[in-house]
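Keep the sequence and the 3D view at hand while reading.

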Amino acid sequence: MTTQQLRSEPQVRVGGGWISGLVLANLGLYMAFLTPIQVLLAEQIDAIDPSGKEIALGWATGVGALVAVVVNPLAGALSDRTGSRFGRRHPWILGGAAAGAAGLAVTSAQSTIVGVTLGWALAQVGLNAMLAGANAVVPDQVPVHQRAAVSGWIGIPQTLGLVVGAVLVTMVVTGTAAGYLLLAALVVAAALPFVVLTRDAPVPREARRPVRLTDMWVSPRAYPDFGWAWLTRFLVMLGNAIGTLYLLYFLKDAVGYAHPDEGVLILTLLYTAGFVVTAIGGGVVSDRWGRRKALVSVSSVVMGGASLLLALWPTWPVATGAALLLGLGFGVYIAVDQALVTQVLPSAGDRAKDLGVINIANSAPQVLGPALAAPIVAYAGGYAGLYLTSTVVTVLGGVLVWRIRSVP
């Protein structure tokens, strides 16, 4: 790869084999990311400290998300400068998977809240290094007119990963420790085909620069569209984090569902069905139409509507409808917003780092979400107040996307 090629936009469409390999790698990644948050951590912490489980789960996921805020852009910056003969993204994808697997194994052996928190933080280091590399291969190799469709395909594992992971850890293996170890093995196995079978050019020597702390900052004054894209992503993901973190406890304590573990799985299946219906189709429509903001805005309103249903009617039938509605909206959002983001990156040579900064908007809500959600549930309206807050924040994100000027 020459420096000129490094800085130019790709023009050749990627094929089905390339997309399939990346989908598989992302499936392993999101099984390792999401299944512990939604199932394993919740169950492990409930067994350790049932009376303080809400606060303890918030601490564990919050610390993990704080680690992600630091690691993701840093790993991205290092990936942008990697000159390995294996490429600049592949070493981080496979190495991150191995480190994340080690962190999951450590978490599986813990019997204290502090131990669980530290183990999960270690897993976040590796998984976010993998994420930095996996995200950057899209703007590296996928042309703009194909990005929303590809983003739709690789967005599916974000929901399917939780479904497959939940099935595996609840129905295939017994106990949280076995669940963690199974996910550890799968995240590495899923990364291997893409790393081994696809090409990844290294950074030419003349384009490598040392990593400086100032490189981690992208000025919203200098790049206002990037700043607005970051803020809108942050708000939508904050609304999502507020609404999903306590889903197991919501079903148990507010809905009164007899088997909340199974309930989470059923809702996740409905959510995934809605997501799959719209993710690829929404991406194709956006690529052909050439417009991103309208679809991002509408999908955000749909997701906000799902949260509003839970706030007003905390019953099992309404929860099933809300899960399906949330999936329909989130499918379009993930495909189209990810494509939009790749079009406002400040520098082609810093794609992984800049996407790492964007990923702070995904991770930071996992820190702020528990800090907001716990006192809302305890002191400000319970679960109704929680889901009303989720509605307002999500819709606001959809409104502010119109401040982006360079993308139609």
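This is a predicted model: local features need pLDDT of at least 70, side-chain atom pairs count only at pLDDT 80 or more; totals for chains, interfaces and linings use all residues.

## Buried and exposed residues

A residue is called buried when its relative accessible area is under 20%, exposed when that value is over 50%, and partly exposed in between. Leaving out residues up to four places away in sequence, threonine 268 touches Leu162 and Val163.

Glutamate 9 lies in the loop between α1 (3-7) and α2 (16-48), and because its relative accessibility is 38%, it counts as partly exposed. When neighbours within four places in sequence are set aside, glutamate 9 is in contact with Pro139, Val144, Arg147 and Arg351. Valine 196, a residue of helix α7 (residues 176-197), counts as exposed, because its relative accessibility is 61%.

## Distances along the chain and in space

Glutamate 9 and phenylalanine 330 are 321 residues apart along the chain, and their C-alpha atoms are separated by 27 Å. Valine 196 and alanine 294 are 98 residues apart in sequence, and the distance between their C-alpha atoms is 38 Å.

Helix α8 (residues 224-244) consists of 21 residues, and the distance from its first C-alpha to its last is 30 Å, close to the 30 Å expected at 1.5 Å a residue. This helix is mostly covered, since 16 of its 21 residues are buried.

In helix α9 (residues 247-255), the buried residues include Leu247, Leu248, Tyr249, Phe250, Leu251 and Val255.

## The packing of α11 and α12

Two packed helices are described by the angle between their axes and the distance between the axes. Helix α11 (residues 293-312) and helix α12 (residues 316-342) pack at an angle of about 155°, and their axes are 8 Å apart. Because that angle is over 145 degrees, α11 is roughly antiparallel to α12. The crossing of these two helices, α11 and α12, is left-handed. Among the residues that make the contact are Leu295, Val296, Met303 and Leu309 of α11, together with Leu325, Phe330, Tyr333 and Leu340 of α12.

Helix α13 (residues 351-379) has 29 residues, which at 1.5 Å a residue should span 42 Å, and because its end C-alpha atoms are 42 Å apart, the two values agree. After α13 comes glycine 381, whose phi is positive, near 100°.

How are α13 and α14 oriented relative to each other? Helix α13 packs with helix α14 (residues 382-400) at an angle of about 140°, with the axes 6 Å apart, and the two helices are therefore oblique to each other. The crossing of α13 and α14 is right-handed. On the α13 side, Ala373, Ile376 and Val377 meet Gly382, Tyr383, Gly385, Leu386 and Thr389 of α14.

Methods
Residues are numbered from 1 along each chain as its sequence is written. Side-chain values use heavy atoms; hydrogens and water are left out. Contact means heavy atoms within 4.5 Å. Helices (H or I, at least four residues) and strands (E, at least two) are DSSP runs, numbered from the N terminus. The expected span of a helix is 1.5 Å times one less than its number of residues. Axes are lines fitted to C-alpha atoms, for helices over the stretch in contact, and angles run from 0 to 180 degrees between N-to-C directions. Angles under 35 degrees count as roughly parallel, over 145 as roughly antiparallel, 65 to 115 as roughly perpendicular and the rest as oblique. A crossing is left-handed if the near helix is turned anticlockwise from the far one by less than a right angle, and right-handed if clockwise. Buried means under 20% relative accessible area, exposed over 50%, partly exposed in between (1.4 Å probe, protein chains only).
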